[in-house]
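The stops below go through it selection by selection.

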Amino acid sequence: MEEYTRLNKELQHLQTQIAEKQWVEARLIEMEAKIVYQKAQLTHLQEQLAKERADITMLEGLSLVGLFYSILGNKDQKLEKERREALMAQLKYDEARQSLALSEAEVEGLKIRMQRIHEAEEMLEAKLEIKLSLLLLEPIPAAQALKQRHTQWQALKKQKLEISEALEAGKLYREILELLTRQLKSTQNWGTLDVMGGGMLSSYVKQQRLGDVRKTLSSLRHYELNFRRELADIKQSLDLDVELTSVEGFLDVFFDNLITDWIVQQRINRSLAGAQKAFSQVGQVLIMLGVRCQQVDNQIEIEEDELKKKIVEAT
């Protein structure tokens, strides 16, 4: 009981420290935006000050402008006016620089406060874990309810991890499909030129592009299988109804005749259509996974908040 009392006081103190987090975050965003504006203003005022100083130098020196005002007899009057304008520009610049310095100092202070809040959050998590461990040892109904909620929370976290892994695997697979699509488009263009009698250059470039396609196709299957495995872990399947020509399907490109070129071109076209379709279908699956991940994230947040509340309230 004494242990609970001590822990409850520590938890209350930590929660008080964390309570200002939302305000500090909002203020930090506000001040960082203000600093960007202040720096732009300071640059403008610095340019204005340089211009005013240049006007004074021009009047004081032996420039045509200085000579012109000397002849008119109002050089001193004009010089006095320029000096007043330069002084005002200097004052505005100094004020803006001081204001920027104060804003930067406030941001540094806010960052220190934010760091302390993060440390308090970490400490709070540790203290909550300690109290939860103690509560789970108690043979009381409240402890059983906490244990059940804790188990649900852990299950949700595991689910999120599996969905995140599927998302990452899917993104890698889609990147390879995107690369394959670009390569096939390039190959298709050179292949069309070759079939139309583009000569040795188009044939050579086409063969080079097909070499790139072969390499990509060789690794494509690995990424697809990995994606399917990750989807299976979350009981989700990948229904790909596409046609991608195998590596072997391109091995006859070195036969130099119109019929073979035409056959290879048809295979390139089919593969391109298949890659584009697969890219679209995988994109739809990734959108669905993103939605599921966000839903689980929301559930985790709700469960975590409720779990923490129950732990703090338990005596």
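How do the residues of the lining of the largest pocket divide into nonpolar, polar and charged? In this predicted model, five are nonpolar, one is polar and seven are charged.

Stop 1: Select I300, E301, E304, D305 and K308, which are the closest to the centre of the largest pocket among its 13 lining residues. The space there comes to about 250 Å³. Next, colour α4 (75-136), α5 (141-195) and α7 (258-313), the elements that each give two or more residues to the lining. With eight residues, α7 gives the most. Colouring by domain instead shows that domain 1 (1-137) and domain 2 (158-314) each supply at least three lining residues.

**Stop 2: the largest nonpolar core.** Select F227, L231 and L289, the residues with the most contacts inside this core of 41 residues. Two or more residues come from each of α1 (2-18), α4, α5, α6 (200-233) and α7. The top contributor is α7, with 13 residues. The core lies between domain 1 (1-137) and domain 2 (158-314), because both give residues to it. Now centre on F227: leaving aside residues up to four places away in sequence, F227 touches A166, A169, G170, Y173, L238, V282, V285, L286 and L289.

**Stop 3: the second core.** Select V24, L49, Y93 and I117, which are among the 15 residues of a second, separate core.

**Stop 4: Q38.** Move to helix α2 (residues 21-60) and pick Q38. Is Q38 buried or exposed? Its relative accessibility is 9%, so Q38 counts as buried.

Notes
Residues are numbered from 1 along each chain as its sequence is written. This is a predicted model: local features need pLDDT of at least 70, side-chain atom pairs count only at pLDDT 80 or more; totals for chains, interfaces and linings use all residues. Side-chain values use heavy atoms; hydrogens and water are left out. On a 1 Å grid over the protein atoms alone, a cavity is a set of points where a 1.4 Å probe fits but cannot get out, and a pocket is an open set with protein on both sides within 12 Å along at least five of seven lines; lining residues have an atom within 4 Å of a point. Grid points are joined across faces, edges and corners, and a volume is the space filled by probe spheres set on the points. Helices (H or I, at least four residues) and strands (E, at least two) are DSSP runs, numbered from the N terminus. Ala, Val, Leu, Ile, Met, Phe, Trp, Tyr, Cys and Pro count as nonpolar, Asp, Glu, Lys and Arg as charged, and the others, Gly among them, as polar. Domain bounds come from an automatic or database domain assignment. Buried means under 20% relative accessible area, exposed over 50%, partly exposed in between (1.4 Å probe, protein chains only). A nonpolar core is a set of buried Ala, Val, Leu, Ile, Met, Phe, Trp, Tyr and Cys residues joined through side-chain atoms within 4.5 Å. Contact means heavy atoms within 4.5 Å.
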